[in-house]
Amino acid sequence: MTADPDDGVRPIRAGRRTVEIQRPGKVLFPGTQDAKEYTKGDLADYYRSVARYLLPHLRGRPLMLERHPDGLDGARFMQKNTPDDYPDWITRAEVAKEGGTVTHVVCDDTATLVYLADQACLTLHRWLSRTDRAGGPDHPDRLVFDLDPPGDDFAPVRQAAGWLHELLDELGLPAAPMTTGSRGLHLVVPLNGRHDFDEVRPFAHEVAEFAQRAHPDRLTTAARKDDRGDRLYLDVQRNAYAQTAVAPYSVRALPGAPVAVPLSWDQVDDPGVDARRWTVAVAVADAVGQARTDPWGGLAARGRALDPARRRLASLR
């Protein structure tokens, strides 16, 4: 993809709608010696190209939008509430917050994806629950373990992912790995949505603490960085109401425009794979090809209940 020389308006056909990209040649990711330059037009092209693979991970979920109106070199802000001037055809979800409500964007179609690119939304952070399912936003259908290494070395992440994979298998919980596009991995566990966040988050803590006790020199659940040393942090803080996790195929706000990409477990073991293996430059050809192989296709169609996993964890203790 190359920079669009037109700095005016570029219409993009997205499903049944045409979305206008304002200033498509505006640079969002400045080029460096090691990283390519990307424009707003490039971002819109990428999100349109991966829409069929990304949208199943977004539908029904409130989003927090990470926007960089002046690119990586400018100010960043995290947007929860939907501005009044957003088009009426964009889905919204009004959810409770302390002292009131907030109305989030819900991305249900390609046109919304392209429109958000026009708003310089680089990264889509999704809720772990859906507003269009039984139980609503209080009942997550995803549990996430965030493997956050102390540095840029991916080997500890690969090792920790193997330990968590083995433990979750023992608990009867299938887990799907995904690069974050930053430094680590997310392990995503599908749930059946019958448990609320007050049940899911303590369970996630118990699993992480069990793993830490098995590998105390390599893993930690310490929230304070000063307490972690050179150990990998097993972060389960996202498993709470109104918390978010980066969505698969989202672009990260980092030089080179790395992308969060679902992996198979064989790919996790590949020494050539790391958290920033895929970027916008190769994602349309490479990550989309990756999606066609459906690395998460082995997951059960229905999410799991926590009660059997709780009993198995208790027996392991």
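Visitor: What makes strand S5 and strand S8 a pair in this predicted model?

Guide: Strands count as paired if DSSP finds at least two bridges between them. Strand S5 (residues 62–67) and strand S8 (residues 100–106) are joined by two bridges, in the antiparallel sense, so they qualify as a pair. Within S8, Val106 is the bridge partner of Pro62.

Visitor: What lies between S7 and S8 in the hairpin?

Guide: Two residues separate the strands of this hairpin, and Gly99 in the turn has a positive phi of about 85 degrees. In total, the protein chain has eight helices and 15 strands.

Visitor: Why does the radius of gyration of the protein chain agree with that of a compact globule?

Guide: A compact globule of 317 residues would have a radius of gyration near 20 Å, and the protein chain has 20 Å; therefore the two agree. The C-alpha trace spans about 65 × 45 × 40 Å along its principal axes.

Visitor: What share of the residues counts as buried?

Guide: Buried means under 20% relative accessible area, and 52% of the 317 residues of the protein chain count as such.

Key: Residues are numbered from 1 along each chain as its sequence is written. This is a predicted model: local features need pLDDT of at least 70, side-chain atom pairs count only at pLDDT 80 or more; totals for chains, interfaces and linings use all residues. Side-chain values use heavy atoms; hydrogens and water are left out. Helices (H or I, at least four residues) and strands (E, at least two) are DSSP runs, numbered from the N terminus. The radius of gyration is taken over C-alpha atoms; the globule rule is 2.2 Å times the number of residues to the power 0.38. Buried means under 20% relative accessible area, exposed over 50%, partly exposed in between (1.4 Å probe, protein chains only).
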